Amino acid sequence: MKAGVAINPHTNIDLLEDVINDIDLVCIMSVNPGFGRQSFIENTYVKVKKLKDLIHKKGATTLIEVDGGVTNKNAKQLVEAGADVLVAGSYVFKAENPTATIADLKKLTSL
């Protein structure tokens with residue numbers, strides 16, 4: 001079993017400082033949860049980078065997941081900012097060819 005925390009777009013990363021070593025995964029919501037097809041919140045890149053810096057500073061092994069609005073337009077930049085896991089729901093499942101869409105995302109994000 002693993003421990004995970006999800007944070008909404010308005011939640012400050014600093015709130016995780018005291019518990020980051022106890023968390024296996026932090027899911028950063030890059031849209032407001034509950035509704036598909038929302039626009040990706042651009043400040044997510046800053047939050048991912050800030051969380052990655054906190055993880056390194058504390059010597060944690062926490063993974064960073066980003067959920068919401070992930071597409072071929074932002075996936076590579078999210079991984080470069082420090083994301084380990086990307087969730088692409090509507091982008092994949094509403095695609096004409098979901099299998100090809102997943103393959104494209106994997107190709108874009110392999111560093």
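These are my notebook entries on one predicted protein model.

**Ground rules.** I number residues from 1 along each chain as its sequence is written, and I use heavy atoms for side-chain values, with hydrogens and water left out. As the model is predicted, I ask for pLDDT of at least 70 for local features and 80 or more for side-chain atom pairs, while totals for chains, interfaces and linings use all residues.

**Entry 1, overall layout.** I looked up the secondary structure of the protein chain and found four helices and four strands. Helices are DSSP runs of H or I with at least four residues, strands are runs of E with at least two, and numbering starts at the N terminus. From that end I read the order β-β-α-β-α-β-α-α.

I get a C-alpha trace spanning about 45 × 30 × 30 Å along its principal axes.

I find 38% of the 111 residues buried; buried means under 20% relative accessible area, with a 1.4 Å probe and protein chains only. The chain exposes about 6,800 Å², of which carbon and sulfur atoms supply 53%. Areas come from the Shrake-Rupley method with a 1.4 Å probe. Among contacts (heavy atoms within 4.5 Å) with a separation of 6 or more, residues 24 or more positions apart account for 51%.

I count one aromatic pair. Phe40 and Tyr45 form this pair, tilted, at 5.2 Å centre to centre and 55° between the planes. The rule wants ring centres of Phe, Tyr or Trp (its six-membered ring) within 6.5 Å; planes under 30 degrees apart are stacked, over 60 edge-to-face, the rest tilted. Phe40 is buried at 13% relative accessible area. Tyr45 is buried too, with 13%.

I placed Asn74 in the loop between β3 (63–67) and α2 (75–81). Asn74 is buried, at 5% relative accessible area. Beyond its neighbours within four places in sequence, Asn74 contacts Phe40, Tyr45 and Gly69.

I found Leu105 in helix α4 (residues 98–109). Leu105 is buried, with 11% relative accessible area. Leaving out residues up to four places away in sequence, Leu105 touches Thr71, Asn72, Ala75, Ala88, Tyr91 and Val92. I also noted 9.6 Å between the C-alpha atoms of Leu105 and Lys73, which are 32 residues apart along the chain.

Definitions and conventions: Buried < 20%, exposed > 50% of the residue type's maximum accessible area, 1.4 Å probe, protein only.
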